[in-house]
Amino acid sequence: MNERWASLLRPLYRLVGRLPERVRVVLTGVRTPIYRLGSSCVIVDDEGRWLLVRHSYRPGWSLPGGGLSRGEDPAETARREMREELQIEVELGDPFPVVDGHYQRLTFLFPARITSGEPTVVTPELEEFGWYHPASLPEGDRWLRQVAESARRHLAGDHPGMVIPEH
């Protein structure tokens with residue numbers, strides 16, 4: 001950027017800086033991509049099967065989880081979603097993030113195991129749940145397949161860090 005443009009924009013930036021925070025967030029959000037944040041669990045049973053859920057509002061199967069509430073810790077989101085949707089308590093491992101730029105979604109995946117309760121569908125959000133071996137997952141959306149591959153690599157000890165699924 002040349003100095004002329006910089007000198008013209010500087011007062012505008014100063015003006016925006018004096019606005020209330022809420023207004024600044026709305027103004028900068030117009031140009032800034034907004035990502036949805038979520039937490040999901042890769043719950044593995046003693047036979048190596050994964051717990052999957054089928055939601056009532058979209059086709060196919062997915063990992064259990066949900067969106068973060070404002071200010072909520074991703075681990076607390078994962079625990080809350082397991083309690084609310086399946087009536088289970090879980091112990092969480094270290095999360096790994098999965099980013100999907102196309103759908104502007106960042107999901108924290110937690111390896112997990114059930115510490116109390118038996119999975120039970122208790123919300124209209126879910127149709128059913130099931131246990132599936134990761135090598136033969138039921139039909140799910142592209143996101144499930146990509147996340148499943150990332151989870152398989154992570155659980156096998158190949159920690160790729162941030163994973164960006166292909167489109």
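Q: Which helices and strands each supply at least two residues of the lining of the largest pocket?
A: Those are β1 (36-43), β4 (65-67), β7 (105-116) and α4 (142-155). Helices (H or I, at least four residues) and strands (E, at least two) are DSSP runs, numbered from the N terminus. This is a predicted model, where local features need pLDDT of at least 70, side-chain atom pairs count only at pLDDT 80 or more, and totals for chains, interfaces and linings use all residues. Residues are numbered from 1 along each chain as its sequence is written, and side-chain values use heavy atoms, with hydrogens and water left out.

Q: Which of them gives the most to that lining?
A: β1 does, with 5 residues.

Q: And what lies nearest the centre of the largest pocket?
A: Ser40, Arg58, Arg105, Thr107 and Trp143, out of 22 lining residues. A pocket here is an open set of points on a 1 Å grid over the protein atoms alone, where a 1.4 Å probe fits, with protein on both sides within 12 Å along at least five of seven lines; lining residues have an atom within 4 Å of a point.

Q: Is Trp61 buried or exposed?
A: Trp61 counts as buried because its relative accessibility is 11%; the cut-offs are under 20% for buried and over 50% for exposed, with partly exposed in between (1.4 Å probe, protein chains only).
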